[in-house]
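This briefing is intended to be read with the sequence and the coordinates at hand. Please keep both in view while following the points below.

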Amino acid sequence: MGIRMDEALNQMSLSLLADRCANELKRHRRKEPADDRFCPEIFHRAIVQRMDQAWSVLQQHFSEIVRIWLHSHPSSDVALLRDTEENYVAQTFSRFWYAVHDQRLEFATLNAALSYLHATLNGIVTDTLRSRLRSKEVPLPEPGFAEEPVVEDPIDGHVLWDSIQSFLPDERERRIAYLLYYCGLKPREIVTRCSKEFDDVKEVYRLSHNVVERLRRNRDRLRWLLDDEEV
Amino acid sequence: MDRLHALAPTNEELMSLVYNEGTLPQEEREHLEHCPICQQRLATYTRTTELLRTKLYRSLCPSAVDLNYYCLGGLPEKERIGIASHVLDCPLCAEEVEEIRREQASFDLYPAAAFSLPAAVRRIFGTLVVQQAQPVLRDDLPGTGWPRQYKAGEIDLSLHLSRTSDGETMLLGIITSTNAAETVDAFEGVAVDLYSAPGPLLRESDGEQRDIEDATPLLSTGVDDVGNIFLEPVPPGDYVMIVHLPDQEVVIEGLSINHS
């Protein structure tokens with residue numbers, strides 16, 4: 001019986017599948033029991049079988065729900081200042097596509113597929129907010145000024161961190177460097193948020209001074225690593 | 001750089017100024033204002049700190065998309081272990097993971113259609129006007145007899161029942177506006193749908209309405225150029241009528257029609 005149903009599902013036309021999927025989705029949204037076979041089949045055809053039409057149907061049917069998720073995100077107002085609703089929706093489907101292909105994921109249920117789609121959108125919004133915070137750390141200089149950033153090939157973050165660690169022999173200095181520069185925490189924030197590791201702000205100031213001095217002693221290498229003349 | 005003057009700020013004090021967290025005693029502040037060496041020290045520490053924070057901030061953190069996948073358990077083992085190890089080191093990612101997990105546990109994947117167009121249209125429910133001129137028969141409850149007159153904002157809607165030559169019931173209406181600036185032909189072409197009750201709107205126990213998206217009307221028509229509405233044939237039953245005006249929907253509920 002199960003095999004016959006699977007076969008029937010496999011042979012179902014995409015348009016019929018799309019109709020059934022739309023009804024399935026409506027029932028879910030009304031919190032009514034739904035037959036969870038049709039939407040996962042569209043995901044299967046779009047992702048595993050790589051049918052372009054199925055991917056179009058998938059985007060068509062789930063774009064609205066992604067849009068609603070976006071607007072219900074607690075930071076949607078800030079996120080929508082950085083990019084348009086259309087771009088967030090498009091990025092969500094695009095990133096989702098690459099992720100499920102890379103990881104060879106297949107979804108047995110609609111819940112599983114939508115959880116992954118929602119995780120993608122949520123991550124994209126948070127990454128946008130992170131980049132906003134990063135740009136707030138130091139405002140960009142005016143165009144034409146000497147400090148205007150140039151396009152450069154970034155050095156792998158882990159290689160850079162390994163080099164910085166090699167300049168800092170003391171383990172606590174390495175930890176402070178990580179919390180100050182990689183996490184962007186201020187000394188008092190470190191004492192508050194990492195109180196088990198550091199409970200004295202004066203010690204944090206002392207260690208941060210040691211770190212700056214040690215890095216400056218290695219500024220020739222650091223300049224090359226950071227591709228910056230200002231060290 | 002060591003402290004060269006008894007009133008010069010210590011290295012720790014300078015670092016507190018770099019992060020805008022400290023204040024100097026009066027004498028040290030005055031010293032700093034006049035000492036180019038101390039000013040140079042402060043400027044150097046500030047510049048180096050700002051540069052490092054700008055270049056390195058969260059550059060070791062996994063993307064928030066990967067953190068979300070990690071929380072769903074949707075990453076390969078190697079990446080999962082890498083992120084788990086990073087989360088132990090990074091208080092910011094640890095906080096994000098906690099927040100993502102909390103949200104994933106309670107998130108409604110199937111939200112109601114809060115942004116669908118029909119829900120965004122202003123909806124007015126017509127109220128039945130008890131007409132003094134109409135005789136109310138002993139067995140008729142107010143609101144159950146015909147013809148009926150409804151009012152919805154500036155809109156007046158009269159509804160009558162009639163019979164076709166085939167003996168079918170026909171629902172006739174005429175729509176007018178109390179707004180003198182609006183002519184009767186303003187309603188020409190306006191769509192009118194008749195649904196079997198409860199229609200496309202459900203009143204929930206808390207009094208809220210929600211749309212039934214796949215409800216299809218039993219009969220549909222358009223208002224003609226003098227404001228008339230004709231719907232036929234109407235079988236016995238309970239109905240809801242919706243008049244789709246350009247900026248609002250007029251909903252008439254409780255239309256009970258029987259052939260007797």
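The model is predicted. Chain A is built from 12 helices and 0 strands, whereas chain B contains an open sheet of 5 strands. The contact between the two chains draws 46 residues from chain B and 53 residues from chain A.

**Confidence in chain A**

- The average pLDDT of chain A is 85, and 85% of its residues score at least 70.

- Along the sequence, the pattern of chain A reads α-α-α-α-α-α-α-α-α-α-α-α, in keeping with its count of 12 helices and 0 strands.
- Chain A has 231 residues, of which 30% count as buried.
- Considering contacts in chain A between residues at least 6 apart in sequence, 55% join residues at least 24 apart.

**Helix H3 of chain A**

- Helix H3 of chain A spans residues 38-48 and is mostly covered, with 8 of its 11 residues buried.
- The buried residues in H3(A) are Phe38(A), Cys39(A), Pro40(A), Ile42(A), Phe43(A), Arg45(A), Ala46(A) and Ile47(A).

**His61 of chain A**

- His61(A) lies in helix H4 of chain A, which covers residues 52-72.
- Is His61(A) buried, exposed or partly exposed? It has 16 C-beta neighbours inside 10 Å and therefore counts as partly exposed; a residue is buried at 20 or more such neighbours and exposed at 12 or fewer.
- Leaving aside residues up to four places away in sequence, His61(A) touches Ala18(A), Cys21(A), Ala22(A) and Leu25(A).
- Ala18(A) is 43 residues from His61(A) in sequence, yet their C-alpha atoms are 7.9 Å apart in space.
- Residues three or four places apart in an α-helix point the same way, because the helix has 3.6 residues a turn.

**Packing of helices H9 and H11 in chain A**

- Helix H9 (residues 171-182) and helix H11 (residues 201-217) of chain A have axes that come within 9 Å and cross at roughly 90°.
- H9(A) and H11(A) are therefore roughly perpendicular to each other, since angles of 65 to 115 degrees fall in that class.
- On the H9(A) side, the residues that meet H11(A) are Arg172(A), Glu173(A), Ile176(A), Ala177(A) and Leu180(A). Their counterparts in H11(A) are Val204(A), Leu207(A), Ser208(A), Asn210(A) and Val211(A).
- By class, the residues of this contact comprise 6 nonpolar, 2 polar and 2 charged.

**Contact between chains A and B**

- The contact takes 53 residues from chain A and 46 residues from chain B.
- On the side of chain B that touches chain A, the elements giving two or more residues are helix H1 (11-18), helix H3 (36-56), helix H4 (64-72) and helix H6 (91-106) of chain B.
- Which of these elements provides the largest share of that side? H3(B) does, with 11 residues.
- The side of chain B that touches chain A has 26 nonpolar, 9 polar and 11 charged residues.

**The open sheet of chain B**

- The 5 strands of this sheet in chain B are ordered E2-E3-E4-E5-E10, with antiparallel pairing.
- Strand E2 (127-129) and strand E10 (228-231) of chain B stand at the edges; each has a single partner strand, so one side of each lacks a neighbour in the sheet.
- On average, neighbouring strands of this sheet are turned by 30° against each other, direction ignored.
- Within chain B, strand E3 (residues 148-152) and strand E4 (residues 155-163) pair in the antiparallel sense over 5 bridges. Tyr150(B) stands opposite Leu157(B) in E4(B).

**Further strand pairings in chain B**

- Strand E6 (residues 191-196) of chain B pairs with strand E9 (residues 219-222) of chain B in the antiparallel sense over 4 bridges. Opposite Val192(B) stands Thr221(B) in E9(B).
- E6(B) also pairs in the antiparallel sense with strand E11 (residues 237-244) of chain B, over 6 bridges. Here Asp193(B) stands opposite Ile242(B) in E11(B).
- E11(B) and strand E12 (residues 248-257) of chain B run antiparallel and are joined by 7 bridges; a hairpin of 3 residues links E11(B) to E12(B).
- Gly237(B) has Ile257(B) in E12(B) as its bridge partner.

How values were computed:
Residues are numbered from 1 along each chain as its sequence is written. Chains are lettered from A and ligands numbered from 1 in the order in which they are written. This is a predicted model: local features need pLDDT of at least 70, side-chain atom pairs count only at pLDDT 80 or more; totals for chains, interfaces and linings use all residues. pLDDT is the predictor's confidence in each residue, from 0 to 100. Two strands pair if DSSP finds at least two bridges between them. Axes are lines fitted to C-alpha atoms, for helices over the stretch in contact, and angles run from 0 to 180 degrees between N-to-C directions. Two residues are in contact if their C-beta atoms, placed from the backbone, lie within 7 Å. Angles under 35 degrees count as roughly parallel, over 145 as roughly antiparallel, 65 to 115 as roughly perpendicular and the rest as oblique. Ala, Val, Leu, Ile, Met, Phe, Trp, Tyr, Cys and Pro count as nonpolar, Asp, Glu, Lys and Arg as charged, and the others, Gly among them, as polar.
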